[in-house]
Amino acid sequence: MPILPIVTYNDPVLLKKAEEIEEDSPELQTLIDNMLETMYNADGVGLAAPQIGRSIKLFVMDTDAMIEEGEVPYGPMVFINPLILEKRGNKVPMEEGCLSIPEVNDKVFRPETVIIEFFDRDFNKHRLEASGWTSRVIQHEYDHLEGVLFIDYLSSFKKRLHKKELEEIDSGAKKVKYPVVPKKDK
């Protein structure tokens, strides 16, 4: 399975809402396999289709390495046409990063729990209620399908602190250990 290059900060595909997936196909199944392989290769726990240049409602994740005692291990998961039904609980700060914004991390406040409906890779419909790291990753990857990046939640001050790093990513000067595609012109 090929490792797909990940598009980086400010690429237009990361800034727009993704399209619904209409039907299953061998190409979609191959894309899912390639996305999982790409995510693992980059030491990620989640990867959304816009991050590999595809503006479709699809993300993959595997949070088992991050879960804490008492959290449910799910293994690799595929979310097709997901819809967050509810976010609840206190907004909790946790350190977040993103494969499209390499080596930039900061605290983001998100609700503790999320309820999401989605189709798995076999187009079986599911409803999942998740908390902890699993909830965090779901919300982060779902944001990618809405054209939102985790840095959009940061204050102006925090964004200024990351300005130099973001400029390096934007220009393609940032060295990354996995394949990336610097921003395309609009």
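**Reading one chain, feature by feature**

Q: Is Asp43 buried or exposed?
A: Asp43 is exposed, because its relative accessible area is 55% and the cut-off for exposed is over 50%. Keep in mind that this is a predicted model.

Q: Where does Asp43 lie?
A: Look in the loop between H1 and strand E2 (46-48).

Q: What is the phi of Asp43?
A: Asp43 is not a glycine, yet its phi is positive, at about 60 degrees.

Q: Which loop holds Asn10, and what is its phi?
A: Asn10 sits in the loop between strand E1 (6-7) and helix H1 (26-41). Asn10 is not a glycine either, and its phi is about 80 degrees, again positive.

Q: How does Asn10 count by accessibility?
A: Asn10 counts as partly exposed, because its relative accessibility is 22%. The cut-off for buried is under 20%.

Q: Let us step back to the whole chain. How many helices and strands are there?
A: The protein chain has 4 helices and 7 strands. Following the sequence, the order is β-α-β-β-β-β-β-α-α-α-β.

Q: How does the radius of gyration compare with the globule rule?
A: The radius of gyration is 16 Å, close to the 16 Å that the rule gives for 186 residues. The chain is therefore as compact as a globular protein of that length. For its extent, the C-alpha trace spans about 45 × 40 × 25 Å along the principal axes.

Q: What share of the residues is buried?
A: Of the 186 residues, 48% count as buried.

Q: What share of the contacts joins residues at least 24 apart?
A: Take the contacts between residues at least 6 apart in sequence. Of these, 69% join residues at least 24 apart.

Q: How many positive and negative side chains does the chain have?
A: There are 24 positive and 34 negative side chains. The centres of the two sets lie 8 Å apart.

Q: Now the rings. What describes a pair of aromatic rings?
A: Two things do: the distance of the centres and the angle of the planes. This structure holds 3 aromatic pairs. One of them is Phe59 with Phe79, which is stacked, at 4.4 Å centre to centre and 15 degrees between the planes.

Q: Which parts of the chain does this pair link?
A: Phe59 belongs to strand E3 (residues 58-61) and Phe79 to strand E4 (residues 77-98). Phe59 is buried, with a relative accessible area of 0%. Phe79 is buried too, at 0% relative accessibility.

Q: What is the geometry of the pair of Phe79 and Phe118?
A: Phe79 and Phe118 form a tilted pair, 4.2 Å centre to centre, with 40 degrees between the planes. Phe118 counts as buried because its relative accessible area is 4%.

Q: What do these ring pairs link together?
A: They link Phe59, Phe79 and Phe118 into a cluster.

Note on methods:
Residues numbered from 1 in each chain as written. Predicted model: local features only at pLDDT ≥ 70, side-chain atom pairs only at ≥ 80, totals over all residues. Heavy atoms only, no water. Phe/Tyr/Trp six-rings, centres within 6.5 Å; stacked < 30°, edge-to-face > 60°. Helix = DSSP H or I, 4+ residues; strand = E, 2+ residues; numbered from the N terminus. Buried < 20%, exposed > 50% of the residue type's maximum accessible area, 1.4 Å probe, protein only. Rg over C-alpha atoms; globule rule 2.2 N^0.38 Å. Contact = heavy atoms within 4.5 Å. Lys, Arg positive; Asp, Glu negative; His and termini not counted. Charge placed at Lys NZ, Arg CZ, Asp CG, Glu CD.
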